[in-house]
Amino acid sequence: MTSTDPDEVGGEQMIGLKGRTEESEEPEVPEEQRRPWSPREARRIRMAAAGTIMAVVAAVLVLRLSAHPSLLTVGVYGAGLILCGVVIELSRRGRTRLGTWLLAVGLVAVAAADQLLGNL
């Protein structure tokens with residue numbers, strides 16, 4: 001059975017309206033403008049990614065040198081290691097976007113140079 005007590009119905013409506021007015025006081029931020037990470041988290045993520053890529057590049061350098069010892073191989077992968085170090089430093093100083101772009105473009109360049117070295 002439903003109750004028709006005016007206090008009970010009014011109380012439920014007041015709670016619902018009160019909750020809506022509190023939410024409407026906060027400015028609505030569109031979904032695409034919300035930042036998924038804080039700046040500190042973004043720096044740490046970029047530094048961890050660059051460090052992981054640096055370890056992978058070092059491992060590939062050792063494998064390539066065991067198969068084809070060449071000064072060009074050392075130069076290309078050495079440049080990749082230096083690039084990762086620069087990205088870590090940029091991220092530490094708060095330049096995460098620049099570091100991300102530099103890392104992406106640099107890794108594409110290292111991969112292209114590796115393909116060219118493989119064909120030689």
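The legends below describe close-up views of a predicted model. Local features need pLDDT of at least 70 and side-chain atom pairs count only at pLDDT 80 or more, while totals for chains, interfaces and linings use all residues. Residues are numbered from 1 along each chain as its sequence is written, and side-chain values use heavy atoms, with hydrogens and water left out.

**View 1. Overall fold of the chain, with 4 helices and 0 strands.** Along the sequence the pattern reads α-α-α-α. Helices (H or I, at least four residues) and strands (E, at least two) are DSSP runs, numbered from the N terminus. Of the 120 residues in the chain, 17% are buried. Buried means under 20% relative accessible area, exposed over 50%, and partly exposed in between (1.4 Å probe, protein chains only).

**View 2. Packing of helix H2 (residues 39–67) against helix H4 (residues 96–119).** The two axes come within 11 Å and cross at roughly 15 degrees, which makes H2 roughly parallel to H4. Axes are lines fitted to C-alpha atoms, for helices over the stretch in contact, with angles from 0 to 180 degrees between N-to-C directions. Angles under 35 degrees count as roughly parallel, over 145 as roughly antiparallel, 65 to 115 as roughly perpendicular and the rest as oblique. The crossing of H2 and H4 is left-handed, a term used if the near helix is turned anticlockwise from the far one by less than a right angle (right-handed if clockwise).

**View 3. Salt bridge between Asp114 and Arg64.** The closest N and O atoms are 3.1 Å apart. Asp114 belongs to helix H4 and Arg64 to helix H2, so the pair ties together parts that are 50 residues apart in sequence. Asp114 is buried at 15% relative accessible area, whereas Arg64 is partly exposed at 36%. A salt bridge is a side-chain nitrogen of Lys or Arg within 4 Å of a carboxyl oxygen of Asp or Glu; the whole structure has 3.

**View 4. Salt-bridge network of Glu89, Arg92 and Arg93.** Glu89 pairs with Arg92, with closest N and O atoms 2.7 Å apart, and with Arg93, also at 2.7 Å. Glu89 and Arg92 both lie in helix H3, 3 residues apart, about one turn of the helix. Glu89 is partly exposed at 29% relative accessible area; Arg92 is exposed at 51%, as is Arg93 at 62%.

View 5. Ile45 is partly exposed, at 34% relative accessibility. The C-alpha atoms of Ile45 and Ser91 are separated by 9.0 Å, although the residues are 46 apart along the chain.
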